[in-house]
Amino acid sequence: MYYRVSGVTGKLTGATAASAYTPQGLKPTVPAQAPQMVFASPTKVVSETGLVAHYMGINNVPELQKIFQKTDGAPVHLKRGIMDKMLYRTTMGLTIGGTLYCLIALYIAAQPRKPQ
């Protein structure tokens with residue numbers, strides 16, 4: 001036996017097999033024509049004289065590997081010299097300054113207001 005939800009009472013009622021598979025009286029829709037197959041469409045052939053993108057830069061990987069794999073005891077984020085050190089120190093200074101600013105703002109916000 002098949003069951004379906006009655007649209008009037010909202011309870012389960014007995015149903016036939018055909019109506020049990022079309023809930024609330026909805027009928028399945030069938031498209032008028034079948035959709036076109038994705039892989040059945042013709043493919044575009046790339047011509048030999050078409051636009052070709054070439055990477056015009058040089059390969060820096062071997063030089064960077066020599067720098068970063070050197071065992072000099074420096075952390076990886078400081079191995080490239082003075083600019084890395086300046087960036088690291090600026091970041092740390094801003095982080096510490098921001099933390100202090102947040103703590104001071106929290107302290108000021110926690111103080112009770114004086115009546116005027």
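Isoleucine 108 sits in helix 3. Helices here are DSSP runs of H or I with at least four residues, strands are runs of E with at least two, and both are numbered from the N terminus. The model is predicted: local features need pLDDT of at least 70, side-chain atom pairs count only at pLDDT 80 or more, and totals for chains, interfaces and linings use all residues. Residues are numbered from 1 along each chain as its sequence is written, and side-chain values use heavy atoms, with hydrogens and water left out.

Isoleucine 108 is exposed, at a relative accessible area of 56%. Exposed means over 50% relative accessible area, buried under 20%, and partly exposed in between, with a 1.4 Å probe and protein chains only. Isoleucine 108 belongs to a nonpolar surface patch with Tyr88, Met92, Ile96, Leu100, Leu103, Ile104, Leu106 and Tyr107. Together these residues have about 940 Å² of accessible area. Patches take residues with over 30% relative accessible area and no salt bridge; nonpolar side chains (Val, Leu, Ile, Met, Phe, Trp, Tyr) are joined within 5 Å, like charges within 9 Å. Areas come from the Shrake-Rupley method with a 1.4 Å probe; for residues, only the protein chains shown count as cover.

Helix 3 itself covers residues 82-110. The number of buried residues among its 29 is zero, so helix 3 lies largely in the open. An α-helix has 3.6 residues a turn, so residues three or four places apart point the same way.

Now step back to the whole chain. It has three helices and two strands, in the order β-β-α-α-α from the N terminus. Buried residues make up 5% of its 116 residues. Its accessible surface is about 11600 Å², and 65% of that belongs to carbon and sulfur atoms. Of the contacts (heavy atoms within 4.5 Å) with a separation of 6 or more, 0% join residues 24 or more positions apart.

The strands come next. Strand 1 (residues 2-5) holds tyrosine 2, which is partly exposed at 37% relative accessibility. Strand 1 pairs with strand 2 (residues 12-15) in the antiparallel sense, over four bridges; pairing requires at least two DSSP bridges. Valine 5 stands opposite leucine 12 in strand 2. Tyrosine 2 and leucine 12 are ten residues apart in sequence and 9.8 Å apart in space, C-alpha to C-alpha.

One salt bridge is present in the structure. It joins lysine 79 to aspartate 72, with the closest N and O atoms 3.1 Å apart. The criterion is a side-chain nitrogen of Lys or Arg within 4 Å of a carboxyl oxygen of Asp or Glu. Lysine 79 is buried at 15% relative accessible area, whereas aspartate 72 is partly exposed at 46%.

Note on methods:
The expected span of a helix is 1.5 Å times one less than its number of residues.
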